[in-house]
Amino acid sequence: MIFTIASKELRALFVSPLAWLVLAAVQVILGYGFLKRLDDFLQIQSQLAQLASPPGFTELVAAPTYAMTAAVLLFAVPLLAMRMIAEERRNRTLTLLLSAPVSMTEIVIGKFSGLMAFLLIIILLVLAMPLTLAGGTQLDFGLLAALTLALLLLAAGFAAVSLYASSLTGQPIAAALIAFGLLLAMLLMGETASDSLRERGWLVPAAFAQVFSPLRNFEPLGRGILDSYAIICPLLLTAGFLLLAIRRLDGQRLRG
Amino acid sequence: MNPADPALTICARGLSRRFGTHVAVHPVDLDLRRGEVLGLLGPNGAGKTTTMQMLTGNLAPTTGEIRICDIDLLAAPAQAKARIGYLPETPPLYREMQVGEYLQLVVRLHRVPKARRTDAVTRAMARCGLAATGKKLIGALSKGYQQRVGIAQAIVHEPDIIILDEPTVGLDPNQILDIRALIRELGDKHCVILSTHILPEVEAVCDRVQIMHHGAVVYNNTIAGLRDFQRGRTVTISLQRPPAIEILQGIAGVAAVESAGNGSFRLRFSPDNDPTPALISRAGAEDWGLQQLTPAQTSLEDVFVQLTRDEATP
């Protein structure tokens, strides 16, 4: 059932021009960023060779490209997710799902999975860029795997927040703005909050605040460090906002 | 009435719904039997749509319980919903999908086994006159065809209960006749709840009528029983050479005569004593020049107006 809803959502994304525009824009921006980095890398390569343990291609070219993808996703995910619930509500098509023998959880997880499938395409296209150079240079496959995982976790968190925003309103544009606002607030405040709480020795609130700082959790994996807490935090964020979205839809049934 | 009656497909007891302080539906009872077509009538804002939303699990009732084929809708929503097909006021159509593709999605959502899916979709499209439109985008169809897709969506998984909220809105007269015939046909195997404003439609297709007003059921009777609800019946005649009104009054069975001017009269009589045959033979024998004789057709309308107009709308 989740698969049915997910494939419907993925299909709905691909029949709208928005998804194609996002894919094209992301690819142009990241492609340019990647080539620019690669160019810089080639220019300083001779100097790097003199270092005792020089940073490699993966670290200097692939990792920044992934960081850039994270920034692009901040804009792309709210736009991709905005229609998922808000537009179904506005067009009264949500009734079809609510009248079918499908639970709220299945509806929300299905929509989330559809969105993640689309984001996976973006992430795989990003991964494809460094892989094209596999024949010409020594790739650090461990670091690439960690970067891909980090991006997936980040995307999942963004997707859950955006889906929740979409469940709040009947206006897709409002949903995108809410999602963007929530994500931006998290990026700006989550890190500061968790840092200052930790400085004061309040470790539990600091750990809690870290759940809401997606970029801080992106960093360790982005350097190839498997920090289990940085993996758990985005998962908690994702689960938390999906739960909120389910509750929100359920509340609509109860309160009208 | 025994709630465990196996013929009872919907058994709702004490169903009510409040939105904040506004009571949309007062506790109502609703029963639906297999093979029955129930017409749900009422003026705008009477609570018909709210009741239907509660019966289909789209809205949780404030109080009361709903049993669908003896399954508690609130305790086991998935099993109960699988037995219902629902066409809301606005058909829930994805405009960017093709008709066939959309119905495929609907059967998958309703967990129809894989082997029966294509069959179910083909049959529903044929029943709703959509056989030639399978590849068309829903958004490109006319309103009437979109309505048909909405009905197809409600029947495609062969549910026991079909709930249609104003199914003939926006259709042309031919399409309305088609849809009525379809509803009648559906009523043989399934059972149907139909909400509408069009009273002749109810008389044409329904077995039973429930009239709602201000969130309460004010009338619940079979169409056959409707006749007895009205104490007397009326017939309108128009005559070219009318006799004196006393002569008409003298015909056996006529309870009262009213002149409507221009040789037209409204005759009231009691249901067990129909004076129409006597009236026709007298008119022929005495050369009254009978032009028209119309039995009152809008008995349901009378009931409806009587029940929903007596109180001033707030």
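## Fold of chain A

Chain A of this predicted model contains ten helices and zero strands, where helices (H or I, at least four residues) and strands (E, at least two) are DSSP runs numbered from the N terminus. Its radius of gyration, taken over C-alpha atoms, is 20 Å, close to the 18 Å that the globule rule gives for 256 residues, so chain A is as compact as a globular protein of that length; the rule is 2.2 Å times the number of residues to the power 0.38. Along its principal axes, the C-alpha trace of chain A spans about 70 × 50 × 30 Å.

Of the 256 residues in chain A, 40% are buried, a residue being buried if 20 or more other C-beta atoms lie within 10 Å of its own, exposed if 12 or fewer, and partly exposed in between, with C-beta atoms placed from the backbone. Two residues are in contact if their C-beta atoms, placed from the backbone, lie within 7 Å; among contacts in chain A between residues at least 6 apart in sequence, 80% join residues at least 24 apart.

## Helix α2 of chain A

Helix α2 of chain A (residues 17-48) has 32 residues, which at 1.5 Å a residue should span 46 Å, and this agrees with the 44 Å between its end C-alpha atoms; the expected span is 1.5 Å times one less than the number of residues. A kink of about 35° in α2(A) is centred on A:L42, the bend at a residue being the angle between axes fitted to the seven residues ending there and the seven starting there.

Within α2(A), the residues A:V22, A:V26 and A:F34 are buried. The buried residues of α2(A) pack against α3 (57-90) and α5 (104-131) of chain A.

Chain B is divided into domain 1 (1-83 + 161-172 + 190-223), domain 2 (88-158) and domain 3 (230-302), with bounds that come from an automatic or database domain assignment. The centres of domain 1 and domain 3 of chain B, taken over C-alpha atoms, are separated by 39 Å.

The contact between the chains takes 22 residues from chain B and 18 residues from chain A. On the side of chain B that touches chain A, at least two residues each are supplied by α2 (77-81), β6 (84-87) and α3 (99-109) of chain B, and α3(B) gives the most, with three residues. The residues of this side of chain B divide into 13 nonpolar, five polar and four charged, where Ala, Val, Leu, Ile, Met, Phe, Trp, Tyr, Cys and Pro count as nonpolar, Asp, Glu, Lys and Arg as charged, and the others, Gly among them, as polar.

## Basis of the model

Residues are numbered from 1 along each chain as its sequence is written, while chains are lettered from A and ligands numbered from 1 in the order in which they are written. As the model is predicted, local features need pLDDT of at least 70 and side-chain atom pairs count only at pLDDT 80 or more, whereas totals for chains, interfaces and linings use all residues.
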